[in-house]
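Colleague: I have not looked at this one before. Can you walk me through it?

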Amino acid sequence: LYGNESTEATYTFTILPPWYRTMWAYIIYVLGFISFVYAAIVFSTRRLKEIIRRATQEIVEQKEEIEEQKKLVDEKNKDITDSIAYASNIQAAILPSSDKIREFMPDHFILFRPRDVVSGDFYWINKTPSGKIVVVAADCTGHGVPGAFMSMIGNSLLNEIILENGIDDADEILNRLKEGIIKALRQKEEGAQSKDGM
């Protein structure tokens, strides 16, 4: 305003960035991130290894248990198979032999093909005390062991009815066989569930 000019004053300075934006801070950030990732990988790897170890141990224990159960099942299966094979021998022993049948019918053949090792089907032939020849071919309810038990009952009843009691009329034999089965299986008792027959 009055034409006076002051002397020019200059002052130079440098503004330093805050510590969290320095080169050293960035290096620390990078190193921290790498350390974090490495620690996370190590932790996850250890955790996965522990999970795998536990799972492997469980699998080994389950495998041992399964092998033990398989051994037990194999033993039981062998026992059952041996018992059924023995039952087959017993059943074969009660069936009339080809020689016995030849006494009554020289020209004959036997077609006996059980579905299982033992059968619910059986045949029976014998001469009554009065001289009649009685031939029976029976199919019992059930297959396998239950059917074989029924065939044993049937064979026993036929021996009793025909050979011991001397009955030789077909209708009387069948009626007594029916009564014998009902009695043997207690089918007339209250609450009886069995409907088996032949």
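Colleague: Start with Ser151. Does that residue count as buried or exposed, and why?

Modeller: This is a predicted model. In it, Ser151 counts as buried, because its relative accessibility is 0% and the cut-off for buried is under 20%.

Colleague: Which helix is Ser151 found in?

Modeller: Ser151 belongs to helix H3, which covers residues 144-164.

Colleague: And what is Ser151 in contact with, leaving aside neighbours within four places in sequence?

Modeller: Gln91, Ile94, Ser119, Gly120, Phe122 and Cys140. With Gln91 there is also a polar contact, side chain to side chain, of 2.9 Å.

Colleague: Where is Gln91, then?

Modeller: Gln91 sits in helix H1.

Colleague: Buried or exposed?

Modeller: Gln91 counts as buried, because its relative accessibility is 4%.

Colleague: Which backbone oxygen lies 2.6 Å from a polar atom of the Gln91 side chain?

Modeller: That of Ser119. Not counting residues up to four places away in sequence, Gln91 touches Val118, Ser119, Asp121, Ala148 and Ser151.

Colleague: Back to the helices. How do H1 and H3 pack, in angle and axis distance?

Modeller: The angle between H1 (residues 23-94) and H3 is about 25 degrees, and their axes are 11 Å apart. Angles under 35 degrees count as roughly parallel, so H1 and H3 are roughly parallel to each other. Their crossing is left-handed.

Colleague: Which residues make that contact?

Modeller: From H1, Ile84, Ile90, Gln91 and Ile94; from H3, Val145, Ala148, Ser151, Met152 and Asn155. Sorted by class, the contact of H1 with H3 has 6 nonpolar residues, 3 polar and no charged ones.

Colleague: New topic. What is the angle between H3 and H4?

Modeller: H3 packs with H4, residues 170-184, at about 130 degrees, and the axes are 10 Å apart. An angle over 145 would count as roughly antiparallel and 65 to 115 as roughly perpendicular, so H3 and H4 are oblique to each other. The crossing of H3 and H4 is right-handed.

Colleague: Which residues are involved in that one?

Modeller: H3 supplies Met150, Ile153, Gly154, Leu157, Leu158, Ile161 and Ile162, and H4 supplies Ile173, Arg176, Leu177, Gly180, Ile181 and Ala184. By class, the contact of H3 with H4 has 10 nonpolar, 2 polar and 1 charged residues.

Colleague: Let me pick Leu177. Is Leu177 buried or exposed?

Modeller: Leu177, which is found in H4, is buried, because its relative accessible area is 8%.

Colleague: Apart from neighbours within four places in sequence, what is Leu177 in contact with?

Modeller: Gly154, Leu157, Leu158, Ile161 and Met198. Leu177 and Met198 are 21 residues apart along the chain, and 9.3 Å separates their C-alpha atoms.

Colleague: How many residues apart in sequence are Gly147 and Met198?

Modeller: 51 residues in sequence, with 9.4 Å in space from C-alpha to C-alpha.

Colleague: What about Gly147 itself: where is its place, and is Gly147 buried or exposed?

Modeller: Gly147 is in helix H3. Gly147 is buried, because its relative accessible area is 0%.

Colleague: Last one. What does Gly147 touch, not counting residues up to four places away in sequence?

Modeller: Ser119, Gly120, Cys140, Thr141 and Gly142. Ser119, Gly120 and Cys140 are also among the contacts of Ser151.

Note on methods
Residues are numbered from 1 along each chain as its sequence is written. This is a predicted model: local features need pLDDT of at least 70, side-chain atom pairs count only at pLDDT 80 or more; totals for chains, interfaces and linings use all residues. Side-chain values use heavy atoms; hydrogens and water are left out. Helices (H or I, at least four residues) and strands (E, at least two) are DSSP runs, numbered from the N terminus. Buried means under 20% relative accessible area, exposed over 50%, partly exposed in between (1.4 Å probe, protein chains only). A polar contact is a pair of N or O atoms within 3.5 Å; within protein, one must be able to donate a hydrogen and the other to accept it, and residues adjacent in sequence count only if both atoms are side-chain atoms. Contact means heavy atoms within 4.5 Å. Axes are lines fitted to C-alpha atoms, for helices over the stretch in contact, and angles run from 0 to 180 degrees between N-to-C directions. A crossing is left-handed if the near helix is turned anticlockwise from the far one by less than a right angle, and right-handed if clockwise. Ala, Val, Leu, Ile, Met, Phe, Trp, Tyr, Cys and Pro count as nonpolar, Asp, Glu, Lys and Arg as charged, and the others, Gly among them, as polar.
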